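Here's a quick walk through one model and its ligand site. Have the viewer open as you read.

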Amino acid sequence: MEDGKLARIWAAPAKINLALHVTGRRPDGYHLIESLAVFTRFGDRVEIAPAENDDFTVSGRYAPAVPLDESNLVLKARDALRRAAGPGKTSPISIKLEKNLPVASGVGGGSSDAAAVLRGLAEIWDLDLDGAALARIGLSLGADVPMCLAAKPLVARGIGEELSMVPDFSALGLVLVNPGMPVSTADIFAALSRRDNEPLPPLPRSIDFHSLRNWLELTRNDLEPAALALQPAIGRALSWLDKAGSGFSRMSGSGATCFGLFETGNVAKRAAAEIRGRQPDWFVAATRSMSSEAE
Ligand code: ATP
C-alpha cells in the first residue's frame with residue numbers, strides 16, 4: 001500500500017469546562033461532578049492510515065511532553081479497540097499525533113486523542129460498534145473520554161460519563177491561556193477542602209453570550225481555589241484575560257489552562273494577540289467552540 005494514500009485526519013478538540021462543580025465522592029474514591037463543557041476547533045490532530053506494521057509518531061509543540069510508549073492514550077485506545085473487535089478484525093495501522101494542546105493542562109488533550117482514535121479506527125476497521133459501545137470502551141480509558149467522543153456542548157454528571165447534550169448552543173469565541181506548568185489532576189482533587197458542593201443551577205432556556213455569562217456568574221470551578229494555591233501563575237493568566245477584555249474568565253478542569261469568553265471571534269483574536277505579546281512563552285490560542293449543531 002502506498003504510504004499515506006489512505007491517510008485521514010481526525011480532530012481531537014480541547015475540552016473546556018465552562019463550569020465544574022464537585023458534588024461528592026464515590027466509595028471507590030472517584031469524584032462526582034456536574035460540568036457544562038464545550039469543545040473547541042483548536043486541538044490536536046490525529047492522522048490514521050492503513051500500514052504494513054503498526055506505527056506511532058508524535059509531532060507538534062507539545063510532542064516532547066507526551067510518552068511514546070504504551071502509556072500514551074492513543075495506543076491505549078488502539079489496543080482497547082482491537083481487543084473489543086476480536087481476532088482477525090483489525091489490520092496494522094500508522095498513527096501520527098500532532099500534539100498542539102498543552103499536556104496535563106485541564107483541557108483533556110489525552111482523552112480527546114483517545115476519542116479521535118476510537119472514532120477513526122472504528123470507521124477504518126469498519127467495526128460493528130454503536131456509540132454506546134464506543135463510549136464504554138472510552139470510559140475504560142478515562143472518565144473524560146465519553147464526553148470527548150460526543151464533542152458537543154453538554155452537561156456531564158456522575159464521574160463525567162453521564163452525558164446530556166445541550167441543544168441550541170451557539171459557537172462561542174474563546175481565548176485559551178496556559179502559563180506553562182503542568183498540573184496533576186490527582187494533586188488538585190487531593191487538595192480539595194470540601195467535596196459536597198451545590199449542583200449546577202438550571203441552564204438558561206436559550207443560550208447566547210449574555211445569558212451564558214449571567215449563568216456562569218452563578219457557577220464555579222470547584223477545582224480553581226486549590227489549583228490557584230498550588231500554581232499562583234493561574235491567577236496571572238486569569239487577570240491577563242480580564243485585562244484583554246474577556247466577558248468571563250475561569251480555569252478549565254484541574255488547570256492550569258484558563259479560558260476567556262468573547263462576543264466575537266475577531267475580538268478573541270485581538271485579545272489573544274495582546275496576551276501573546278505580553279507573555280510570549282505562554283500557550284495562547286483564540287478559537288471557537290463547536291455549536292450543538294456542528295458536524
Ligand atoms: P483532564 O482535563 O482530563 O484531567 P488534562 O488536560 O489535565 O486532562 P492530559 O493532557 O490529558 O491532561 O494528560 C494527562 C496525563 O496523561 C499526562 O500526564 C500525560 O503524560 C498522559 N498522556 C498519555 N497520553 C497522552 C496524550 N496523547 N496526550 C496528552 N497526555 C497524555
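## An alanine to start with

A104 is in the loop between β4 (93–98) and α2; helices (H or I, at least four residues) and strands (E, at least two) are DSSP runs, numbered from the N terminus. Its phi is positive, about 50 degrees, even though A104 isn't a glycine.

A word on ground rules: this is a predicted model, with local features needing pLDDT of at least 70 and side-chain atom pairs counting only at pLDDT 80 or more, while totals for chains, interfaces and linings use all residues. Residues are numbered from 1 along each chain as its sequence is written, and side-chain values use heavy atoms, with hydrogens and water left out.

## Around the ligand

A104 turns up again at the ligand: 20 residues surround the ligand, and the closest are L73, K99, A104, G110 and D144 (near means a heavy atom within 4 Å). Helix α2 (residues 109–124) gives the largest share of that shell, 4 residues. By type, the shell splits into 7 nonpolar, 9 polar and 4 charged residues, where Ala, Val, Leu, Ile, Met, Phe, Trp, Tyr, Cys and Pro count as nonpolar, Asp, Glu, Lys and Arg as charged, and the others, Gly among them, as polar.

Now for polar contacts (pairs of N or O atoms within 3.5 Å). At V107 a polar backbone atom lies 3.1 Å from a ligand oxygen. The protein covers 78% of the 610 Å² of accessible area that the ligand has on its own (Shrake-Rupley method, 1.4 Å probe).

## The whole chain

There are 9 helices and 10 strands in the chain. The C-alpha trace spans about 55 × 45 × 35 Å along its principal axes.

A256 belongs to the loop between β8 (248–251) and β9 (258–262).

Note on methods:
A polar contact is a pair of N or O atoms within 3.5 Å; within protein, one must be able to donate a hydrogen and the other to accept it, and residues adjacent in sequence count only if both atoms are side-chain atoms.
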